[in-house]
Amino acid sequence: MAGKTAFEALAANILKAELKRKGVTYSQLVEKLAAIGVDEKEVNIRNKLSGGKFTAAFLLQCLTAIGATEMRL
């Protein structure tokens, strides 16, 4: 499997940073996503963030679930 592209790494790092700023663990993210109707498993979230391969929709779902109203690029 090829490594992450610069943009995949950037997307993963942005999401990880927002989770850290909000103090949300992957386990808590699973619960918060479920509360907005998104079914994800913790292992899938870990894989998506470590690989940097996820959709813009997933990014927006996560940001919505954690209550992020702004994002630092």
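1. The buried residues of H1 pack against helix H2 (26-35), helix H3 (42-51) and helix H4 (56-65). Here helices are DSSP runs of H or I with at least four residues, numbered from the N terminus; packing rests on contact, meaning heavy atoms within 4.5 Å. Buried means under 20% relative accessible area and exposed over 50%, with partly exposed in between (1.4 Å probe, protein chains only).

2. This is a predicted model, in which local features need pLDDT of at least 70 and side-chain atom pairs count only at pLDDT 80 or more, while totals for chains, interfaces and linings use all residues. Residues are numbered from 1 along each chain as its sequence is written, and side-chain values use heavy atoms, with hydrogens and water left out.

3. Glu 8, Ala 12, Ile 14, Leu 15, Glu 18 and Leu 19 are the buried residues of H1. Viewed down the axis of H1, they fall within an arc of 155° and so line one face of the helix; the arc is that of the directions from the helix axis to the C-beta atoms. The face turned away from this buried side carries the exposed residues Ala 6 and Lys 20.

4. Glu 8 belongs to helix H1 (residues 6-22). It counts as buried because its relative accessibility is 16%. Leaving aside residues up to four places away in sequence, Glu 8 touches Gly 3, Gly 51, Gly 52 and Lys 53. A polar atom of the Glu 8 side chain lies 2.9 Å from the backbone nitrogen of Thr 5.

5. After H1 comes Gly 23, whose phi is positive, near 70°.

Terms used:
Helices (H or I, at least four residues) and strands (E, at least two) are DSSP runs, numbered from the N terminus. A polar contact is a pair of N or O atoms within 3.5 Å; within protein, one must be able to donate a hydrogen and the other to accept it, and residues adjacent in sequence count only if both atoms are side-chain atoms.
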